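Subject: Structure handover

Hello,

Here is the structure I promised to pass on. My notes follow it.

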Amino acid sequence: MNKQFLLSLLFLIIIGQSLAQSTAPSSPASLQEGKWEHFVGNAKAEEPGWRIEIKRYQLLTTVGAKGNWHDPNAKAAFYTQDDIREIVAYAAERDIMVIPEIDMPGHATAACRAYPNLSGGGQGKWKGFTFHPCREETFQFINDVLDEIVSLFPAPYIHIGGDEVHYGNQDWFTDPGIQAFIQQHRLGDEAGLEHYFVRRVADMIAAKGKTMVGWDEIVDAGVSPQKAVVMWWRHDRKYQLLKALERGYRVVISPKATNNGYWACSALCGPNGLPTRSGWTT
């Protein structure tokens, strides 16, 4: 059976370095030139910098792609769409499935820096951390971006992250418009609003013929198990894994391998907790 690697281009590419080192003369130019180096070891690369060309939203790369974890003023670094096509094709020849991750509603700092009207606030180091969870223009932006992502990645999955929203959602508690939205839609509280956001994006992805993948926070969002795969990363919360399995989600076990990311490995589990597919991903 073919092994699958979950290469989250906008989150973490941990094997990119070894791919680049092993490139043969026929390897894609983007690998030979070492473009993977911008992403190796970068946990949540989308937070400090947007890393993929989106033609409809040029500011994502002219503004959002600037900076990294070590230098917020570093020049823009990103993959062009031609780079993505080349890499996806190269990976496919080697039985590697490339799955993109575009983090939302949190870890959206780079996108919000490029388009401040999309920001849901955040304070201190988490300024601009979340997308605005109520504005229709936010969801139009996400839909437009996903259209281009779908055209580039043939994989049946799109990873949205969905984790750690509480780091930068402080303004959700005080913004009058957001509070009114919560009341109007009977969402209960800010967590309910987060879950509304995730469900809406899950529906959007399903409408494009793809399956959403998210970290284990999405288990509480009420997304249909037919529309989502859960990656269990918070291993101090075994109840989250059990909850996901009991509710019928497919679950990828994601033990922490380094300070910069998580290996998604050993099994893709079904509702009974037993492996339904062998292989490993990263």
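Thr 62 is partly exposed, with a relative accessible area of 42%. (Buried is under 20% relative accessible area, exposed over 50%, partly exposed in between, with a 1.4 Å probe and protein chains only.) Thr 62 sits in helix H3. Its C-alpha atom is 9.5 Å from that of Trp 50, 12 residues away along the chain.

Before you read on: this is a predicted model, where local features need pLDDT of at least 70, side-chain atom pairs count only at pLDDT 80 or more, and totals for chains, interfaces and linings use all residues. Residues are numbered from 1 along each chain as its sequence is written, and side-chain values use heavy atoms, with hydrogens and water left out.

Val 63 belongs to the loop between helix H3 (59–62) and H4. Its relative accessible area is 28%, so Val 63 is partly exposed. Which residues does Val 63 contact, leaving aside its neighbours within four places in sequence? They are Arg 113 and Ala 114. Contact here means heavy atoms within 4.5 Å. The C-alpha atoms of Val 63 and Ala 114 are separated by 5.3 Å. Along the chain, these two are 51 residues apart.

The whole chain

The chain has 9 helices and 11 strands. These are DSSP runs, numbered from the N terminus: helices are H or I with at least four residues, strands are E with at least two. Of the 282 residues, 55% count as buried. Take the contacts between residues at least 6 apart in sequence: 58% of them join residues at least 24 apart. The accessible surface comes to about 12,500 Å². Carbon and sulfur atoms account for 52% of that surface. The areas come from the Shrake-Rupley method with a 1.4 Å probe; for residues, only the protein chains shown count as cover.

Glu 86 lies in helix H4 (residues 81–92). Its relative accessibility is 30%, so Glu 86 counts as partly exposed.

Asp 95 is in the loop between H4 and strand S2 (98–99). Asp 95 has a positive phi of about 60°, although it is not a glycine. At 39% relative accessibility, Asp 95 is partly exposed.

Backbone points to check

Most residues other than glycine have a negative phi, and most peptide bonds are trans. Where is the cis peptide bond? It runs from Met 104 to Pro 105, with omega near -5°. Pro 105 is placed in the loop between strand S3 (101–104) and helix H5 (109–114).

Arg 186 also goes on the list. It has a positive phi of about 55° and is not a glycine. Arg 186 is found in the loop between helix H7 (176–184) and helix H8 (190–207). With a relative accessible area of 78%, Arg 186 is exposed.

H7 against H8

These two helices pack at an angle of about 80°, and their axes are 10 Å apart. That makes H7 roughly perpendicular to H8. Axes are lines fitted to C-alpha atoms, for helices over the stretch in contact, and angles run from 0 to 180 degrees between N-to-C directions. Under 35 degrees counts as roughly parallel, over 145 as roughly antiparallel, 65 to 115 as roughly perpendicular and the rest as oblique. On the H7 side, the contact is made by Ile 178, Gln 179, Phe 181 and Ile 182. H8 contributes Glu 190, Leu 193 and Tyr 196.

H9

In helix H9 (residues 238–246), the residues Gln 240, Leu 241, Ala 244 and Leu 245 are buried. They cover an arc of only 135° around the axis, so they are on the same side of H9. The arc is that of the directions from the helix axis to the C-beta atoms. Lys 238 and Glu 246, on the other side of H9, are exposed. Just after H9, Gly 248 takes a positive phi of about 90°.

Cysteines

How many disulfides does the structure hold? The count is 0. A disulfide is taken as a pair of cysteine sulfur atoms within 2.5 Å. Cys 112 is buried, at 5% relative accessibility. Cys 134 is buried too, at 12%.

Best wishes
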